[in-house]
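This report covers the strands and the aromatic side chains of one protein model. Please view the sequence and the coordinates alongside the text.

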Amino acid sequence: MKFDLFSIVVLIIVALGGSYAVYIQIKTKRTGIETEATVTDVRTEWERTGDDDFLSYYYTVEYLNYEGNKVTAVLGGLTSSSKDLEVGDRIRIKYLKDKQDYPIMVKRI
């Protein structure tokens, strides 16, 4: 199978995007600011990839950042699988100062 230049460029862009997402998640887990957050919304969505359908979960949380400002964001991470959270649940998250809209769940409280 022979790839044309366009296919190679698309594959490189996808690989770089995935690598960046992994880098941000690792950096957040290692050096992020840890705080408490409250789940304010749980949304599910059916998504199709090829011939398969799967259910994705999106959890919106609210927390106070390092400056004391309220931030509302959807939990980030490399998976959109169920975390068994409900509205009102309290969790620990980590976030980066420059990526406050991408908190990562640490654990339940």
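## Basis

A residue counts as buried when its relative accessible area is under 20%, as exposed when over 50%, and as partly exposed in between. The model described here is predicted.

## Sheet

An open sheet is built from 5 strands in the order E3-E2-E1-E4-E5, with antiparallel pairing. Strand E3 (70-74) and strand E5 (99-108) are the edge strands, each pairing on one side only. From one strand to the next, the twist averages 40 degrees.

Strand E1 (residues 33-49) and strand E2 (residues 52-64) run antiparallel and are joined by 12 bridges. Glutamate 47 has phenylalanine 54 in E2 as its bridge partner. In general, strands of a sheet pair through backbone hydrogen bonds.

## Aromatic pairs

There are 3 aromatic pairs in the structure. One of them joins tyrosine 20 and tyrosine 23: the ring centres are 6.4 Å apart and the planes meet at 35 degrees, so this pair is tilted. Both residues belong to helix H1 (residues 5-31), where a spacing of 3 residues puts about one helical turn between them. Tyrosine 20 is partly exposed at 46% relative accessible area, and tyrosine 23 is partly exposed, also at 46%.

Tyrosine 57 and tyrosine 59 have ring centres 6.4 Å apart and planes at 10 degrees, so this pair is stacked. Tyrosine 57 is partly exposed, with 24% relative accessibility. Tyrosine 59 has a relative accessible area of 2%, so it is buried.

## Charge over a ring

Lysine 97 lies over the face of tyrosine 66, 4.8 Å from the ring centre.

Methods: Residues are numbered from 1 along each chain as its sequence is written. This is a predicted model: local features need pLDDT of at least 70, side-chain atom pairs count only at pLDDT 80 or more; totals for chains, interfaces and linings use all residues. Side-chain values use heavy atoms; hydrogens and water are left out. Rings of Phe, Tyr and Trp (its six-membered ring) pair if their centres lie within 6.5 Å; planes under 30 degrees apart count as stacked, over 60 as edge-to-face and the rest as tilted. Helices (H or I, at least four residues) and strands (E, at least two) are DSSP runs, numbered from the N terminus. Buried means under 20% relative accessible area, exposed over 50%, partly exposed in between (1.4 Å probe, protein chains only). A charge sits over a ring if NZ of Lys or CZ of Arg is within 6 Å of the ring centre and within 35 degrees of the ring normal. Two strands pair if DSSP finds at least two bridges between them. Axes are lines fitted to C-alpha atoms, for helices over the stretch in contact, and angles run from 0 to 180 degrees between N-to-C directions.
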